[in-house]
Amino acid sequence: NTPIGLKLFGIGLMIVGATTLTVFFALITDAIVSIRLDRALGRLPVGLRDHIVVCGLGNVGYRVVTRLHELGMAVAATEKVEDSRSIPQVRRLGIPVIIGDARSPETLQALNVAAARCVVVATDDDAANLETALNARAQNPDIRVVMRLFDPDLAERVERAFNIPISRSVSALAAPSFAAAAVGRRVVASIAVGKRVLIAAQTHVEPGSPADGITVAQLEDGTEGRVLLVEGKAGKEWAPAPERNLAPGDVMTVVATRPGLIHMLESTEGLQVGVPATNQR
């Protein structure tokens, strides 16, 4: 017969072995679940610094995040609406997303705004955007703030009062492109320069139009615009010489203010596209 002491030792060894194995698997499971939860809940990687925080994952915010990711920038984002369709797409890129109100100091702390290089505030609420920007400045006085505002007058007052020089009115940026597209021109880009918006667009010289036979310099004279490219029978000419004569069929890429583009369209195609002036901010 086996001594009772040896039996007790065997039982104890089995208990200890089973307990050790259980603890080992529990630790592994906990680590795996924690990593998956971090990814699902959008917790920031430990030590994330010098990153860009994007507040709001609407149409604008989502595109800003994906573009920054393509540029290789470290990005973190927050979105108030938990079922936003952009959140899964952003998380698939490996970008942490925190669900919360960007105006809340706690949310900004969770995004480690104090160590961020820039905050992009792109929700669809002007008041919320301003409050978020000010709270971010309170946590990091040196942070670069880029803020989306719909009201151009509010944007101008914000620049003066709070020293937030980069605020953009989406409607003011988009309006010139819509106006040019409405008259059938191919808009290449809208470029904000200070308080003005430049439009890069294509036009062509129609036979018998005012631009038929004149030079590039004559077309540009007195116009808030420049000819970047002329495509004619001889091929493409970047930054064409001022004395270059324009001919029917020439396709030009120009950059101009709204009034400048209207003048060029009227000169090259004989169109009457003048519209009332609008705020160009």
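Entry one, cysteines. I looked up C55 and found it buried, with a relative accessible area of 0%; buried means under 20% relative accessible area, exposed over 50%, partly exposed in between (1.4 Å probe, protein chains only). C118 is buried too, at 8%. The sulfur of C55 lies 9.9 Å from its closest cysteine sulfur, in C118, which is too far for a bond. I count zero disulfides in the structure, a disulfide being a pair of cysteine sulfur atoms within 2.5 Å.

Entry two, ground rules. The model is predicted: local features need pLDDT of at least 70, side-chain atom pairs count only at pLDDT 80 or more, and totals for chains, interfaces and linings use all residues. Residues are numbered from 1 along each chain as its sequence is written, and side-chain values use heavy atoms, with hydrogens and water left out.

The mean pLDDT (the predictor's confidence in each residue, from 0 to 100) is 82 for the protein, and 82% of its residues reach 70 or more. Over residues 273-281 the pLDDT is below 50. Where pLDDT is low, the predicted coordinates should not be read in detail.

Which residues have the most contacts inside the largest nonpolar core? They are V53, V113, V119 and M147, in a core of 22 residues. Such a core is a set of buried Ala, Val, Leu, Ile, Met, Phe, Trp, Tyr and Cys residues joined through side-chain atoms within 4.5 Å. Apart from it I found another core, of 15 residues, including A211 and M252.

Notes: Contact means heavy atoms within 4.5 Å.
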